[in-house]
Structures are given as C-alpha cells and as structure tokens.
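Start with the structure itself.

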Amino acid sequence: MKYKKFSPEIWSQIKNTTKELKAKNLEHGNSSPLIAAFDADGTLWDTDLGENFFQYTINQRLVDLPPSPWEHYLEMKKVNNDPRPAYLWLAQIYKGLNLDLVKQWSQEAIDSIQPLPLFQEQKDLISFFKDEGVSVYIITASIKWAVEPGAKLLGLNESQVLGVKTKVNNLIISDEADGTITYKQGKSEVLKQTTGHLAFFASGNSEGDLNLLESSTHLKLAVSAANRDDKLFKTEFRLQQIAEQNHWLYHRFI
C-alpha cells in the first residue's frame with residue numbers, strides 16, 4: 001500500500017523545533033540529550049509485530065500453550081479491565097528458553113511478513129533525528145524481543161527498544177517481570193527511568209499512547225492508518241480527535 005506523506009507543515013514544525021532546541025542547548029552549554037519517542041505497532045509500521053510473533057509461535061508450536069491461545073490471551077486482557085498481565089504473559093510463555101533462540105525466532109517471524117509495511121515517513125523522520133544527534137527510542141506494549149527486528153530495519157539497535165520483558169539469567173528467560181509494563185503511563189515512566197529525561201517529541205497511534213504524547217515537552221504527533229472495519233479504528237480516531245482539539249500534529253497515512 002502507498003501511504004500518504006507528512007504535510008510540509010508537519011515536517012517544518014519538526015525540523016524547526018529540533019534545530020531550535022539544539023541551538024539553545026549549545027548556547028546554554030546544556031548537555032541534556034534531545035529524545036524522540038515512538039510507539040511501535042501502528043505507528044512505525046502497519047502491522048502488530050507482537051501479535052505476529054505470538055501467531056508465529058503458535059503456528060510453529062515453539063512453546064507449550066493453552067488449547068486456545070488467542071482466546072486465553074484475549075480473556076486475560078479483559079480481567080479487571082487491565083491488559084498488562086496479558087502483555088506480560090506473552091513474554092512469560094518463553095520461560096526456560098535461551099534468549100538468543102527466542103530472538104532468532106522473532107527474526108524469523110518478521111521475515112515471514114516481508115516486506116514489512118513500514119511507514120516511510122516515520123523511517124525518514126527517524127533518519128532526520130539521527131542525523132541531528134537526537135536519541136531515538138521505540139516504546140511498545142509488545143514484548144521487546146518481538147519488536148527488535150523491526151527496529152533494525154529503521155537503523156536502530158536493541159537498546160533503543162523499550163518493551164515488555166521478563167528477567168533473563170545467564171541468557172535463560174524467566175517468568176519474572178523485568179521493570180514497569182510499557183503500557184499507557186508506563187511508557188513515559190520507563191523512558192524517564194532509562195534516560196533520566198522526557199522526550200521533546202513523541203508519536204503514537206492509539207489512546208494507549210496518550211500519556212506518552214502528553215509527556216512530550218514540545219511536539220506530539222498522532223498517526224493513523226486503520227480502516228473503519230479495523231479493531232484499531234476507534235482508538236486511533238479518538239486520538240486524532242484529541243490531537244486536533246489540543247493543536248497537536250496529526251496525520252492519517254491512508
């Protein structure tokens with residue numbers, strides 16, 4: 001699919017703000033990093049890498065799972081109206097396995113959907129930020145290992161992916177949560193814990209990214225690509241409305 005490009009106004013605001021902040025830092029001898037934060041699924045690419053990896057794991061019978069894995073996962077998300085335990089469970093299912101093996105599987109999972117439907121404008125934006133010395137992070141409610149291969153296609157490394165994970169001991173994955181779940185307010189919390197700073201730019205596509213966008217100090221970009229019959233359409237539409245009401249940047253790729 002051919003996705004719409006950002007408007008000249010969006011590019012202008014982002015480029016001008018970035019250069020102004022860089023100049024201010026130099027003028028005041030400020031060494032604080034400029035940080036740009038992106039959600040992953042639906043924001044950088046038109047698919048869900050976390051769910052894709054789960055489906056790949058099911059199809060390849062890589063781990064032991066309940067009889068109806070998707071139903072189990074979706075029911076977990078409904079408990080107490082809090083999906084965080086379900087997001088964590090998607091990492092816990094790899095308990096006892098070698099991390100390198102799981103990362104190999106995650107690469108195979110993304111290879112199975114090549115070419116990945118990347119939003120070229122977001123890729124170009126990340127390249128611009130990198131050229132300007134901006135620190136770029138992907139912050140996702142998917143498991144970190146599922147998103148890392150996608151980050152590589154954007155020229156980012158594994159340390160720039162902040163996602164759901166469990167503790168790893170001597171390369172063996174445990175079922176113990178490792179840090180805050182990167183969902184809603186957890187996204188900005190983990191970014192602050194990791195870098196000591198808030199982002200000056202943040203981009204997301206759903207209401208789950210609202211806190212991340214609100215925490216950004218200067219620029220907030222809401223994006224959308226879901227069709228009306230897509231499960232994401234309502235939440236993307238609401239975020240677009242919030243962005244418009246608050247005079248944030250917003251863009252629809254289709």
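In which helix is Thr57 found? Thr57 sits in helix 2, residues 49-59. Helices here are DSSP runs of H or I with at least four residues, strands are E runs of at least two, and both are numbered from the N terminus. The model is predicted: local features need pLDDT of at least 70, side-chain atom pairs count only at pLDDT 80 or more, and totals for chains, interfaces and linings use all residues. Residues are numbered from 1 along each chain as its sequence is written, and side-chain values use heavy atoms, with hydrogens and water left out.

Thr57 counts as buried because its relative accessibility is 0%. Buried means under 20% relative accessible area (1.4 Å probe, protein chains only). Leaving out residues up to four places away in sequence, Thr57 touches Leu62, Val63, Ile93 and Tyr94. Contact means heavy atoms within 4.5 Å.

Now the nonpolar cores. Each is a set of buried Ala, Val, Leu, Ile, Met, Phe, Trp, Tyr and Cys residues joined through side-chain atoms within 4.5 Å.

| Core | Residues | Members include |
|---|---|---|
| Largest | 37 residues | Ile14, Phe38, Trp45, Ile138 |
| Another, apart from it | 25 residues | Val63, Val102, Ala141, Ile181 |

Ile138 is among the residues that touch the most other members of the largest core. Its contacts beyond four places in sequence include Phe38, Trp45, Val147 and Leu162.

Helix 8 spans residues 185-195; Gly186, Lys187, Ser188, Val190, Leu191 and Thr195 are buried there. Their cover includes strand 1 (35-38), strand 2 (135-143), strand 3 (161-164) and helix 9 (210-215). Gly196 follows helix 8, with a positive phi near 80°.

Terms used:
Buried < 20%, exposed > 50% of the residue type's maximum accessible area, 1.4 Å probe, protein only.
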